[in-house]
Structure formats: C-alpha cells, structure tokens
Amino acid sequence: MKNDILSLAQNLIRRPSISPDDQGCQQVIADRLEKLGFSIEWFPFNDTLNLWAKHGSTAPIVAFAGHTDVVPAGDESQWTYPPFSADIVGDMLYGRGAADMKGSLAAMVVAAEDYVKAHPNHQGTIALLITSDEEAAAKDGTVRVVETLMARGENIDYCLVGEPSSSKTLGDIVKNGRRGSITGNLYIQGIQGHVAYPHLAENPVHKAVPFLQELTTYPWDNGNEFFPPTSLQIANIQAGTGSNNVIPGELFVQFNLRYCTEVTDDFIKNKVAELLQKHGLKHRIEWNLSGKPFLTQPNKLVKAVVDALEKIVNISPQLDTGGGTSDARFIALMGCEVVELGPLNATIHKVDECVSVSDLVTLGEVYREMLRNLLN
C-alpha cells in the first residue's frame with residue numbers, strides 16, 4: 001500500500017493543477033480505477049472537470065470525495081523544495097496539495113483499489129466523486145455533480161471527504177458537520193456634499209453607526225452541543241472619494257455570518273431587513289449563500305470511521321464542526337451521512353506545504369478499514 005499511495009500522490013502533486021485546471025490528475029485516477037472494473041463517468045461543467053467512478057451496483061453506496069485542484073504556490077523562491085517537485089525528505093512529502101488534498105486523495109484511491117482486489121464481489125457500491133473546483137468558485141464542481149445525480153434519482157448513503165481535518169496527530173479530529181456561510185453586500189445611500197455644508201448633504205456613515213452597532217452585537221443564538229454560537233464579522237467597509245472635504249454619498253459594508261443549525265439563512269435575511277428598517281436606512285443589499293449548515297449525527301458512518309481509527313491508529317477522535325466550508329456541504333444536500341477525515345492541516349495553503357509519509361499510509365489503512373466496517 002505504501003508504494004502505491006506515495007507514487008500516486010507524487011504523480012498528482014507534480015501536476016500544477018491550479019484551480020480549476022485539473023492538469024490530467026483525474027485521468028490518472030480514472031485509468032487506474034477502470035482497470036479494476038470501476039465504471040467511469042465524466043461531468044465537465046464550463047472549465048471544471050468532475051469524475052464519478054463506481055464499483056458495484058447495490059446499496060449502500062459508500063463514496064469518497066475529494067478535489068484535485070490546489071491554490072497557487074505564490075513566490076516559488078520562498079519554498080525550500082519546489083512546490084510541484086513532490087520531494088520526499090525524511091518522512092515528509094513536500095508540495096502544493098500534499099496535505100490539501102492530493103495526499104488523502106491518493107490514500108482514498110489505493111484504499112478503494114485494495115478493497116476491490118480483496119473483495120471483487122463485495123456488497124454495496126464503492127464510489128469516488130472528484131472535482132477540480134473546490135479551492136476557487138466551487139460552482140461547477142461537486143455541487144453540479146450532486147445536482148445531476150439527484151435529478152436522475154441517484155443517491156449516496158455514506159460519504160467521507162478527505163479534507164485535512166487532523167490537528168495535532170492523525171485522526172484526532174473527525175468533522176461531522178460545518179457551519180453555514182452567508183455574506184451580505186450592503187450599500188447604504190446618503191447624499192454627497194461638501195463637509196463645510198453638512199446641512200446640504202446626508203452622511204451615510206453617520207446614519208449607519210447605530211445600525212452597525214446593533215448588527216454586530218445582536219445575539220443570533222447560543223449555539224448547541226455540536227456548534228458554537230453564530231458569528232457575524234464585518235469583512236470590508238468603504239466610503240468616500242478619497243478627499244477630506246467630501247461627504248460620501250454611499251457606504252459599502254460587507255459582512256459574513258458563520259451560522260449554526262439554530263438559525264436559517266431566511267431568518268438572518270429577515271432580521272437584517274428588520275434592523276435596516278428600524279434605523280430608517282435607504283439601502284440595497286445583495287446576499288450570497290455559499291453553504292447551509294449540516295450535521296451528521298453519530299450513527300453508522302461516524303461509528304465506522306471511529307472504529308477504524310481506534311483499531312488502526314489507537315485513537316478516539318473528537319467530533320468537531322469548526323473551520324470554514326468544504327464540499328461536504330453540497331454532498332449533505334443528498335441527505336446522506338457525511339464526515340471529513342484527512343491528514344494534519346498545519347501546513348495547508350502555506351509555503352512548504354507537506355504531509356507525513358507514514359500518516360498517508362496509515363490514512364489509507366483507515367479508509368480501507370472504514371470500507372470493511374460499512375460493507376462487510
């Protein structure tokens with residue numbers, strides 16, 4: 001297993017697949033899986049390539065999900081080892097995407113291959129959903145594949161996403177949910193004028209201050225046993241022409257809420273509208289919902305993953321819902337159980353991104369054990 005995972009991970013890392021350019025990564029994976037009898041289906045949407053591979057035709061459908069795209073490497077002269085060379089130094093594999101998430105993608109593929117080789121007539125179906133649009137817009141990747149599968153009545157029962165979830169040691173964190181994310185782009189109108197004649201103008205910044213104070217201190221909820229309280233943060237604020245003698249005619253405020261399952265996006269929109277009306281602000285607002293919150297209760301999938309970690313790694317993981325968003329939010333729309341488990345996240349998106357070789361091999365063993373727990 002070790003050599004297979006490492007060679008595949010290096011092959012993938014050496015392809016500079018800056019989102020959404022797949023650079024042939026998915027074809028490499030498809031060629032391997034097809035030789036073992038996996039059915040291969042391609043879902044190209046605009047500039048994004050998506051792969052849906054399956055072995056078997058009965059329930060339950062156990063899927064691995066991941067992405068081949070990576071964020072840019074930045075100034076490559078700052079890297080100790082070239083970002084797309086996939087150098088192995090000691091026990092560490094270096095390169096952009098090593099941890100996020102070409103390493104775990106290789107572990108998934110090899111785990112699926114090993115299981116199929118050992119159980120060619122296995123129960124259920126093993127599937128892989130792979131996209132090249134997770135790190136960028138995330139509009140033509142997993143979400144489009146999920147929509148397509150649902151439209152034709154095809155579902156997933158259990159899904160493991162290989163995002164780098166681990167914190168201090170491999171397997172210490174399993175993410176069984178994520179907060180929702182919604183952004184408001186708010187434009188508050190005033191009347192532009194000369195600062196020496198404020199009675200002839202209307203300063204939107206001054207008028208917005210009481211509203212912003214209430215918006216940023218409003219207690220949305222108290223969270224629950226799985227989620228922290230909903231959090232609102234102002235991300236950007238802008239007004240004025242750049243001159244010190246002009247009262248601005250418009251104030252732009254961009255804010256984001258990471259919200260839990262205690263509130264809905266409709267509740268958030270209605271409350272903001274209520275506050276704007278209360279403070280009498282002329283405005284327009286644009287909303288961008290990037291993901292609803294989801295939670296997988298500790299049922300069969302969580303038990304299968306926890307049991308695999310306890311057996312292979314001798315660790316009892318903590319279930320966690322923190323962090324940003326991932327493609328798991330789209331897969332959860334299918335009503336399936338979905339969790340995230342991958343390598344350490346300490347170096348993701350950083351210079352000298354790397355992953356432990358031994359951790360990748362162990363991760364492959366955990367993934368294979370999870371399949372046994374769900375399908376045997």
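Me: Against which elements do the buried residues of H2 pack?

Reply: They pack against helix H1 (2–13), strand S1 (39–42), strand S2 (50–55), H3 and strand S6 (125–131), where helices (H or I, at least four residues) and strands (E, at least two) are DSSP runs numbered from the N terminus. The residues concerned are Cys 25, Gln 26, Val 28, Ile 29, Ala 30 and Leu 33, and buried means under 20% relative accessible area, with exposed over 50% and partly exposed in between (1.4 Å probe, protein chains only). This is a predicted model, in which local features need pLDDT of at least 70, side-chain atom pairs count only at pLDDT 80 or more, and totals for chains, interfaces and linings use all residues. Residues are numbered from 1 along each chain as its sequence is written, and side-chain values use heavy atoms, with hydrogens and water left out.

Me: What makes H2 roughly parallel to H3?

Reply: Helix H2 (residues 25–35) packs with helix H3 (residues 98–118) at an angle of about 15 degrees, their axes being 11 Å apart. Axes are lines fitted to C-alpha atoms, for helices over the stretch in contact, and angles run from 0 to 180 degrees between N-to-C directions. Angles under 35 degrees count as roughly parallel, over 145 as roughly antiparallel, 65 to 115 as roughly perpendicular and the rest as oblique, so the angle makes H2 roughly parallel to H3.

Me: What makes the aromatic pair of Tyr 187 and Phe 252 tilted?

Reply: The structure holds seven aromatic pairs, and rings of Phe, Tyr and Trp (its six-membered ring) pair if their centres lie within 6.5 Å, with planes under 30 degrees apart counted as stacked, over 60 as edge-to-face and the rest as tilted. Tyr 187 and Phe 252 are 5.0 Å apart centre to centre, with 40 degrees between the planes, and this pair is tilted. Tyr 187 lies in strand S10 (residues 180–189) and Phe 252 in strand S14 (residues 250–259), so the pair ties together parts that are 65 residues apart in sequence. Tyr 187 has a relative accessible area of 16% and is buried, and Phe 252, at 18%, counts as buried too.

Me: Why is the aromatic pair of Phe 255 and Trp 287 called edge-to-face?

Reply: The planes of Phe 255 and Trp 287 stand at 85 degrees, with the centres 5.7 Å apart, and the pair is edge-to-face. Phe 255 belongs to strand S14 and Trp 287 to strand S15 (residues 283–291), 32 residues apart, which links distant parts of the chain. Phe 255, at 0% relative accessibility, counts as buried, whereas Trp 287, at 25%, counts as partly exposed.

Me: How do you know whether Asn 46 and Asp 352 are buried or exposed?

Reply: Asn 46, in the loop between S1 and S2, is exposed, with a relative accessible area of 70%. Asp 352, found in the loop between strand S18 (337–340) and strand S19 (354–356), is buried at 19%. Asn 46 has a positive phi of about 55 degrees although it is not a glycine, and phi of Asp 352 is near 60 degrees, a positive value in a residue other than glycine.

Conventions:
Contact = heavy atoms within 4.5 Å.
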